[in-house]
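Hi everyone, thanks for coming.

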Amino acid sequence: MYLSKTDFREYVQCSKCLWLKKNNPDLYIRPAISEFDQKLINEGYEVELAAREMFEKGILVEGSNEEAATKTQKLMESKASPLFQATFITESGLLAKTDVLIYNEFADAWNVYEIKSSTNINKNGSDNHIYDITFQQVVMNKVGVSVEDSYIIHLNKDYKKNGNIDLFELFSITDVTDLVKEEYDNIESEAEKAMEFLTDKDVDLNSCSCLYSSRRNHCSSFKVLNQNVPDYSIHDISRISAKNLRLLIDDLIMNIWDIPEDFKLSPNQQKQVELEKSQVPEINTKSINKTLEELEYPLIFLDYETYVSAIPKVEGFSPHQHIPFQVSIHILHSRTELTHHEYLADNIENAPVGMIEFMQETIPDKGNLISWHASFENTRNKQIAEIYSQFSEFLLGLNDRTFDLETIFKDDYRHPGFKGRTSIKKVLPVLCPEFSYKDLEIQNGTEAMENWNRIIFDKELEESERSKIQESLLKYCELDTKAMVKIFKHLLEI
Ligand code: SF4
């Protein structure tokens, strides 16, 4: 069994999860790879290929792990450099594939480079880049390779596309040699411990440490390892602390219904618990009516879809910056008169400009705009206003007129069916059960992004398939604003 850098990262995140994956794949529930995850993986590869172009005459080491390790050894004996994907395997099974390896003739040693598609170097958390590169160096040292300097190549967050991509502007190369030295002993001992743990046959599969963490930290195997925890449990209480979880679990309380009346929770958490126990919605009709009365007609319900790419594809945009490509607008001219307007870009270069010009023609000068979780649309408006100053007044003016419909569900409308959440996907099925996303081809924003990616960049896509995707995108975005109108009308009638 090998332990690669990716395995080691997973071990740091959760040793038991990696153990299951390696030793009991039938019990391990592989996290679903969303279209967005796949997009990130593809982009990571695209970034790596682009970064390699900065190193002339690089040699790519290919083949199985064992073949690549043998080839690497031979190439290094002849001081061939730069090497891409140079491979090293220790006797204990630690495996490293380095992104770029360059011979440093002054030190008679090697400089190692890790390529990251992020715009910064993560030094904390589960995706610690310093751990990654230190792990590589530990493996190389163990097979007798001397490493002089360590570098991380990452995207430059201040880069803005201006004509052809300049790789030396797009990427930043940061010397992390000292940080690697600081972490070295720790990673060396943890990597060996990880190998020992993975070969341990006696691991307890009846529980795991996430029993004391809130739901968002759980992996897909939580249910397998904690069979006595209900699907909706104390772990779902909004922002519940590890301390409170421990206090409850020590008293064998997993179900929200069993939480004692005098157990100390924040007011918000307390409300969630009360709602679950009573199953009676809590609606502040007076406050909701007052909020709705203050809104000025026509009401313009607005929703964007955006595209993100690691390497910017539109002039003026930076790595990972959202590029709006689609908008759906429902205009409620009066309580009964509703019109729908939509825009879907058919090329990337002109996507934001085309969309904003469409909005200028469509959106009335008066009336409130309504979005759900409006900070998303408002941030896009601010960013586009910075790039295209000719739209600045219009876009910032939209922000001034925007009302966030979600706030009503944070402050004045709570329902046990929302399960402590306020996203439109949680609220809609409770308030308007006849209205659903489930029959749509495209179910969420990341699927929309991925599908748009196909119609824009897949040159071999058949015309009929392209039309089908365009239709699905339009239906999905339309439903987002239609859902807001539905919810708004429901509020008018309470
Ligand atoms: S639920 Fe948490 S502790 Fe349990 S296996 Fe998954 S990541 Fe590890």
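Let's start with a quick one: which residues does Asn 378 touch, not counting residues up to four places away in sequence? The answer is Asn 399 and Thr 402, where contact means heavy atoms within 4.5 Å. Asn 378 is found in helix H13, residues 375-387. At 18% relative accessibility, Asn 378 counts as buried. Here buried means under 20% relative accessible area, exposed means over 50%, and partly exposed is in between, with a 1.4 Å probe and protein chains only.

Okay, some ground rules. This is a predicted model, where local features need pLDDT of at least 70 and side-chain atom pairs count only at pLDDT 80 or more, while totals for chains, interfaces and linings use all residues. Residues are numbered from 1 along each chain as its sequence is written, and side-chain values use heavy atoms, with hydrogens and water left out.

Now zoom out. The chain has 18 helices and 13 strands; these are DSSP runs numbered from the N terminus, with helices (H or I) of at least four residues and strands (E) of at least two. The C-alpha trace spans about 80 × 65 × 40 Å along its principal axes. Of the 494 residues, 49% count as buried. And if you take contacts between residues at least 6 apart in sequence, 66% of them join residues at least 24 apart.

On to the salt bridges. How many are there? The count comes to 23, the rule being a side-chain nitrogen of Lys or Arg within 4 Å of a carboxyl oxygen of Asp or Glu. Take Lys 142 and Glu 188, whose closest N and O atoms are 3.4 Å apart. That pair links distant parts of the chain, with Lys 142 in helix H5 (residues 129-142) and Glu 188 in helix H7 (residues 177-199), 46 residues apart. Lys 142 is partly exposed at 35%, and Glu 188 is partly exposed too, at 26%.

Next, Lys 157 pairs with Asp 158, with 3.7 Å between the closest N and O atoms. Lys 157 is exposed, at 52% relative accessible area, and Asp 158 is exposed at 55%.

Then there's Glu 315 with Lys 161, at 2.5 Å from N to O. Those two sit 154 residues apart: Glu 315 is in the loop between strands E8 (299-307) and E9 (323-332), and Lys 161 is in the loop between strand E5 (147-155) and helix H6 (167-170). Glu 315 is partly exposed at 39%, whereas Lys 161 counts as buried at 16%. Salt bridges that share partners also join Lys 5, Arg 9, Glu 114, Lys 116, Asp 127 and Asp 132 into one network.

Now find Ile 173, in strand E6, residues 171-175. Is Ile 173 buried or partly exposed? At 43% relative accessibility, Ile 173 counts as partly exposed. Leaving aside neighbours within four places in sequence, Ile 173 is in contact with Met 54, Tyr 113, Tyr 151, Ile 152 and Ile 153.
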